[in-house]
Amino acid sequence: MIGQIITKRISSIKFSLLSPDEIRKMSATKIITADTYDDDGFPIDMGLMDPHLGVIEPGLRCKTCGRKADECPGHFGHIDLAMPVIHVGYVKELKKLLQSTCRTCGRLLLTREQAEDYTKQMARLEELGGDTIDVGLISKETAKDAASRTVCPHCGAVQLKITLDKPTTFREEGHKLTPKEVRERLERIPDEDLPPLGIDPDSARPEWMILTSLPVPPVAVRPSITLESGDRSEDDITHKLVDVLRINQRLRENRDAGAPQLIVEDLWELLQYHITTYFDNQTSGIPPARHRSGRPLKTLVQRLKGKEGRFRSNLSGKRVNFSARTVISPDPFLSINEVGVPEDAARELTVPLHVNDWNLQIAKELVIRGPKPPGKPYLPGVNYVLRNDGRRIKVTDKNAESVSEILEQGFIVERHLMDGDIVLFNRQPSLHRMSMMAHAVRVMDAKTFRFNLSVCPPYNADFDGDEMNLHVLQSDEARAEAKILMRVQEHILSPRFGGPVIGGIHDHITGVFLLTYKDSKFDEEEATHIMSRMDVDLPDPIEGIDGKKYWRGKDLFSMLLPNDIHMTFRASICQKCQECKREKCENDAFVVIRSGKLITGTIDEKAIGAFKGRILDKIARDYGPDSASSFLNSVTRMAIGAIGIRGFTTGINDEDIPMDAKAQIEEVLRLAMEKVNSYVSAYRHGELEQMPGRSLEETLEVEIMKELGKARDQAGHIAGRHLGMENSAVIMARCGARGSMLNLSQMAGCIGQQAVRGERLRRGYWNRTLPHFMKGDLGAEARGFVRSSYKSGLSPTEFFFHSMGGREGLVDTAVRTSRSGYMQRRLINALEDLKVMQDGSVQNTAGTIIQFRYGEDGIDPSRSVQGEPVDIDDIILDVLGEEGEDLAKVTEKGVVSYGIQDRDLLETPEDAESETEDSEFEEE
Amino acid sequence: MSEEFNVLEHELVPEHHLLSESEEKKALAELQLTKDQLPKIRISDPCVATLDQAVGPVEEGRIIKIVRRSPTSGVSVCHRLVIRG
Ligand SMILES: [Mg+2]
Ligand SMILES: [Zn+2]
Ligand SMILES: [Zn+2]
Ligand SMILES: [Zn+2]
């Protein structure tokens, strides 16, 4: 544990190059032999496992610092290379340097004045706070300018063209430059010519980019593992270093023995290969070094790069304690702010309790209960106690009592999770801030995490096996912060579009629809049953024709509304009639709420749904998160109560339509086919009238698509006439609970044209889609029109076409998710440390301004009204009441459009298909 | 395209003003900022080039005030520092 307070802050970090001298100076030992261990299993001196490099086996002592395995930080060694070798990581720099300096005198190929001008520009930009990339750009410009000179302005030498043969071979007009020659040239560049090229001569000399000695990382970086068989298996990096040492040795011997130039050069190149792959085994242009098994070696760059690399998997992302993960399931009787935690998890997850005079008794009681208090109801116990000296005592049934005796001020008791603890709850992918919210714990039976269904949309969760993570907060500050900022109820209104993301879904909407549609009534038993689940009174009953007391669903619902709320809007079931009959709407779609009483209209998705719920939106905005959460809790329970009493089911017989309707659909489709055929023959005879701006073929396609689209719609209409409001599937589609009328007409009527890239199907066999059709057939059936319905079933060719269309959707979503995931990562990396300051400006960590005012208007989108600062209409209505309705555009706002865009973003593949097809973009 | 086309007159381009030295001082004092903290605008930006022709030479280090009309906040003002490039 970190005991002391950190008193130093990092103010800057500087990167520089290691000189060969420095490499040798920091080296604990020179490595000369490729052998690692002797026959007795002891590391060989000056080998790759030399104990001077640090030790990993416990008990041994490091020969450099004398400390034991866990205390020794490890020490670098080095290999002296027989011949210099190019460092792959710097080839770009090397090329730039070679091209922009003189081959004879080594000076920058610019006059003093030109060079100075560039340095001044650089200094000026830096002074003005230009970013490092822009500053770097200037040195690139300088190099480019210098490289374009053909004669040295200093010595007059003519320059030859230098090219790079990837990855590491430099050529001068075709003649190969050895690393040694390159190094000699770089050595000639004077210090004062380096700054214009963006190099600080105090921290880096260009010739250091050519390696003459290679640092050998400490053993701790590349530990060997002992297999079960007792054999030792070495790290990939060690393997690579062995290769380097072997070739280095052979190269030295051959060179010293005066071997032919060709052999020396071959070995030299081999050494270059091994050192290149030692750095990066995915260097393009050379084959990756492989293990005997054929697996490519994981060398330095591979350790850092990518998702599994050091940066993304160990530095930006870390594993944590006090967390749990399990399957999720729903519980409509939990508050939206709660999460059900299984007992097993609760006994494993702990909260530290700092013992003081006031809680000593409580702490003692907790400890006495031990690690597994028996019986029901669940009681929190204690797993560990931390003493003042930092020692950790494991509490067992046996020692519980004695440990509780010694408890005193300053001890820390790690108690089990209990009801009311604040925890963070998260579902991946965490795409927005609502993907991680704070919940209050409810310890429950069984093995799953449970939460209110209204919270599914922000997590994008369902219960087909989804798992979620839970994190237990460990300090009071963290708990307070989480409770204030992260609690579910604080996130009902989304910052993305200023509307609710948390709200009724599926059966909540159906339930509340059944409750309030037209004048649905409930008898005393039913009404009390529904209302028993929440903390409100029964409203006044009405008298039925039979003389008994009845309760109108609308009155029951009104009990949940604040007393002073006024609203007017159109429900989801609104048919968008030409002329709205408003209160007298025969669909009961015109919602009027006055003084907290639902007068007319049906409550459905537009009222309480996630994304679209207007009542929810207004309550959350005007009455605050506490009211909104209790409204949601009650409304969902009431809906579940109502749907339970009415009973609700759906099945394929919901899509049953009478025989004569089927015949009508057949007829419509037959006529459409004929029309298509007539278009085709008109096209064949050259009688088709070309549309402006389209080719004849395109005209034909457009006409056919239009005709078949019309036919499908007609089929849908015919089917729809026989699917009325008594039909469960229709109820769900109309009130916005699930599915759409299009889905239904595809099930009952006709599926319609399948498309790939927005065109009728054309690919497959030569000149035809399938061998079942004639070559060149342009008819409806041959090009992917599915005339069957899902209920009647598809013919084999139709099935094939349908799969083609479906496949495109799957591929699209797969591509879209990977691409948007990458974009998200880039955006987060760019924006993560921006901060809104006290004065409302947005600044980065360097203190430069990104925006003078957050969003340029300072509006918090989650407190805005769909992005607007104030809801003028709402204010007018509040002030003027009924008379204000003409002034305010009461009816429709952009509510529908944001809902749909939003869903589109979070949709899973199979849902996307059903909901994007009927997406309606409203204009306003 | 007509040769007299002026980007600053296009309806989608916000107002750009070149600040005088005294205006610069005042603006920076009001914002409690130093020049290097300002957002940047390149000297090659078409708006800067147009300003350069219209109201005299614009060099690196000058400040340009940009006034945008905004449906949510009326106007939003921001300052940018001219840099090379
Ligand atoms: Mg799922
Ligand atoms: Zn050591
Ligand atoms: Zn020269
Ligand atoms: Zn209507």
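The model is predicted.

**Stop 1: the whole of chain A**

Turn the view along the principal axes: the C-alpha atoms fill a box of roughly 115 × 100 × 65 Å.

Next, colour chain A by accessibility. Of its 924 residues, 47% count as buried. How much of the contact within chain A, at a separation of 6 or more, comes from residues 24 or more positions apart? Such residues account for 67% of those contacts.

**Stop 2: where chain A meets chain B**

Now show both chains and select the residues in contact across the interface. On one side are 19 residues of chain A, and on the other 22 residues of chain B. Together the two chains bury about 1,700 Å², and carbon and sulfur atoms carry 56% of this area. Within chain A, select Leu128(A), Phe852(A) and Glu856(A): these residues lose the most area to chain B, together 39% of what that side buries.

Three salt bridges are found across it. To view a salt bridge, select Asp134(A) and Arg42(B), whose side chains meet with an N to O distance of 3.2 Å.

Which helices of chain A each supply at least two residues to the side that touches chain B? They are α3, residues 112-127, and α4, residues 132-147. The largest share, four residues, comes from α3(A). By type, the residues on this side of chain A divide into seven nonpolar, six polar and six charged.

**Stop 3**

Side chains of opposite charge can pair when their charged atoms come close. Over all chains the count comes to 54 salt bridges.

Asp256(A) counts as exposed, at 55% relative accessibility, while Arg255(A) counts as partly exposed, at 34%.

Move on to Arg387(A) and Asp389(A), a salt bridge in which the closest N and O atoms are 2.7 Å apart. Here Arg387(A) is partly exposed at 30% relative accessibility, and Asp389(A) is exposed at 51%.

Then select Arg760(A) and Glu701(A), which meet in a salt bridge of 3.0 Å, N to O. Arg760(A) lies in strand β26 (residues 759-760) and Glu701(A) in helix α21 (residues 696-721), so the pair ties together parts of chain A that are 59 residues apart in sequence. Are these two partners buried or exposed? Arg760(A) is buried, with a relative accessible area of 1%, and Glu701(A) also counts as buried, at 16%.

**Stop 3: a network**

Finally, select Asp21(A), Arg24(A), Lys30(A) and Asp80(A) together. Salt bridges that share partners join these residues into one network.

Key:
Residues are numbered from 1 along each chain as its sequence is written. Chains are lettered from A and ligands numbered from 1 in the order in which they are written. This is a predicted model: local features need pLDDT of at least 70, side-chain atom pairs count only at pLDDT 80 or more; totals for chains, interfaces and linings use all residues. Side-chain values use heavy atoms; hydrogens and water are left out. Contact means heavy atoms within 4.5 Å. Buried area is the accessible area (1.4 Å probe) that two parts lose on being put together, summed over both. A salt bridge is a side-chain nitrogen of Lys or Arg within 4 Å of a carboxyl oxygen of Asp or Glu. Ala, Val, Leu, Ile, Met, Phe, Trp, Tyr, Cys and Pro count as nonpolar, Asp, Glu, Lys and Arg as charged, and the others, Gly among them, as polar. Buried means under 20% relative accessible area, exposed over 50%, partly exposed in between (1.4 Å probe, protein chains only).
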